[in-house]
Amino acid sequence: SPLDSAADLEGSDLVIVASDCQGSRHDHLLEFLDRNPDSAVLDLARLECLNERTTPSVGRDAPEARHLRVAHAALVATSRLTEVLVHFGVKGGVLAIVDPVSIHGQDAVELLAAQSRQRLQGLPVDELIYGHARAFNVIATDGFELQEEAAQVLPEVPLAVTHSLAGVFHGHLAHLGLSFADRVDPDDVRDALSQTEGIEISGVPVSLDLVPDRDFAIITPPAMSPDGRQLAMTIMADGLRIGGALTAIDIIESMV
């Protein structure tokens with residue numbers, strides 16, 4: 001039922017925020033958080049109003065914080081990769097995150113379809129998606145918040161993070177590059193990744209069309225530099241599951 005007051009949440013063992021967008025009733029949730037700093041709260045929707053009140057989690061370890069949010073899908077998938085690759089002596093890397101329109105909910109998906117029709121007809125776009133015409137477009141934006149989130153959930157691997165918004169409906173995409181202290185054997189890397197839980201290595205070409213309803217992230221075969229110290233791959237995932245419902249389950253299990 002819609003929240004009518006903060007009291008509606010009192011006595012809950014766990015509060016899961018799964019709103020499609022932010023609304024006025026979230027004020028009751030904020031009041032509840034202020035009153036109950038030790039309550040178990042998980043933000044599955046990654047609402048902007050909860051950003052400073054929650055700590056990101058990928059569900060790997062028991063968290064110290066009680067007010068959590070599901071980490072970005074690209075960071076959840078990257079955490080699974082780096083957990084294995086860190087044993088090869090990773091020094092750091094770069095992560096280029098590309099988000100679909102679906103991160104803004106169903107209304108944004110429908111609006112993208114309308115924008116596409118208008119642009120195909122040569123008409124001006126009359127309604128923007130959070131300030132942008134996303135149809136047939138890619139927008140490079142500020143990656144500061146995701147940079148901070150990466151430092152929190154992946155402290156063992158320093159990453160430089162960029163963030164772009166793509167004109168696609170569904171499917172999270174990221175390009176990951178890692179550097180190693182010493183030369184690594186490509187076959188050893190591939191063998192390790194092929195055994196990583198929640199990851200599937202795909203042949204190329206591979207498209208975002210494959211990721212909806214998948215319980216695992218898809219990666220391209222790792223490409224190695226000639227000196228064997230640089231690795232690059234592309235990651236694709238269904239953000240409703242990876243960095244979504246499945247990750248939320250992992251986090252909840254670590255909280256209770």
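Phe136 is placed in the loop between H3 and S6. The model discussed here is a predicted one.

## Backbone geometry

Although Phe136 is not a glycine, its phi is positive, at about 55°. The residue is exposed, since its relative accessible area is 57%. Tyr130 lies in the loop between helix H3 (106-120) and strand S6 (138-141), and its phi is also a positive value, near 50°, in a residue other than glycine. With a relative accessible area of 59%, Tyr130 is exposed.

The peptide bond between Val204 and Pro205 is cis, with omega at about 5°. Val204 belongs to the loop between S9 and S10, and Pro205 is likewise found in the loop between S9 and S10. Is Val204 buried or exposed? At 61% relative accessibility, Val204 counts as exposed, because the cut-off for that class is over 50%. The C-alpha atom of Val204 is 7.9 Å from that of Pro221, a residue 17 positions away along the chain.

## Salt bridges

Side chains of opposite charge can pair when their charged atoms come close. How many salt bridges does a search of the whole structure find? The search gives eight.

| Salt bridge | Closest N and O atoms |
|---|---|
| Arg35 and Glu31 | 2.4 Å |
| Glu149 and Arg46 | 3.0 Å |
| Asp213 and Arg241 | 3.7 Å |

Glu31 is partly exposed, as its relative accessibility is 32%.

A second salt bridge joins Glu149 to Arg46, with 3.0 Å between the closest N and O atoms. Because Glu149 lies in helix H4 (residues 144-153) and Arg46 in the loop between S2 and S3, this pair ties together parts that are 103 residues apart in sequence. Which of these side chains is buried and which is partly exposed? Glu149 is buried, having a relative accessible area of 2%, whereas Arg46 is partly exposed at 29%.

Asp213 and Arg241 form a further salt bridge, for which the closest N and O atoms are 3.7 Å apart. Here too the pair links distant parts of the chain: Asp213 sits in the loop between strand S9 (199-201) and strand S10 (217-219), and Arg241 in helix H6 (residues 241-255), 28 residues apart. Asp213 counts as exposed at 58% relative accessibility, while Arg241, at 27%, counts as partly exposed. Turning back to Arg46 and Glu149, salt bridges that share partners join these two residues and Arg69 into one network.

## A negative surface patch

Which residues form the negative surface patch? Its members are Glu48, Glu52, Asp142, Glu145 and Glu148. One of them, Glu52, is found in the loop between strand S2 (41-43) and strand S3 (55-57). Glu52 counts as exposed because its relative accessibility is 81%.

## Buried positions and contacts

Ser79 is located in helix H2 (residues 73-85). It is buried, its relative accessible area being 1%. What lies 2.6 Å from a polar atom of the side chain of Ser79? The backbone oxygen of Val76 is found at that distance.

Leu173 is part of strand S8 (residues 172-180). At 17% relative accessibility, Leu173 counts as buried, because the cut-off for that class is under 20%. The C-alpha atoms of Leu173 and Ala74 are separated by 7.0 Å, although the two residues are 99 apart along the chain.

Methods. Residues numbered from 1 in each chain as written. Predicted model: local features only at pLDDT ≥ 70, side-chain atom pairs only at ≥ 80, totals over all residues. Heavy atoms only, no water. Patch = residues over 30% accessible without salt bridge, like charges linked within 9 Å, V, L, I, M, F, W, Y side chains within 5 Å. Areas by Shrake-Rupley, 256 points an atom, 1.4 Å probe, with all protein chains shown as cover. Salt bridge = Lys/Arg side-chain N within 4 Å of Asp/Glu carboxyl O. Lys, Arg positive; Asp, Glu negative; His and termini not counted. Charge placed at Lys NZ, Arg CZ, Asp CG, Glu CD. Helix = DSSP H or I, 4+ residues; strand = E, 2+ residues; numbered from the N terminus. Buried < 20%, exposed > 50% of the residue type's maximum accessible area, 1.4 Å probe, protein only. Polar contact = N/O pair within 3.5 Å; in protein donor to acceptor, adjacent residues only side chain to side chain.
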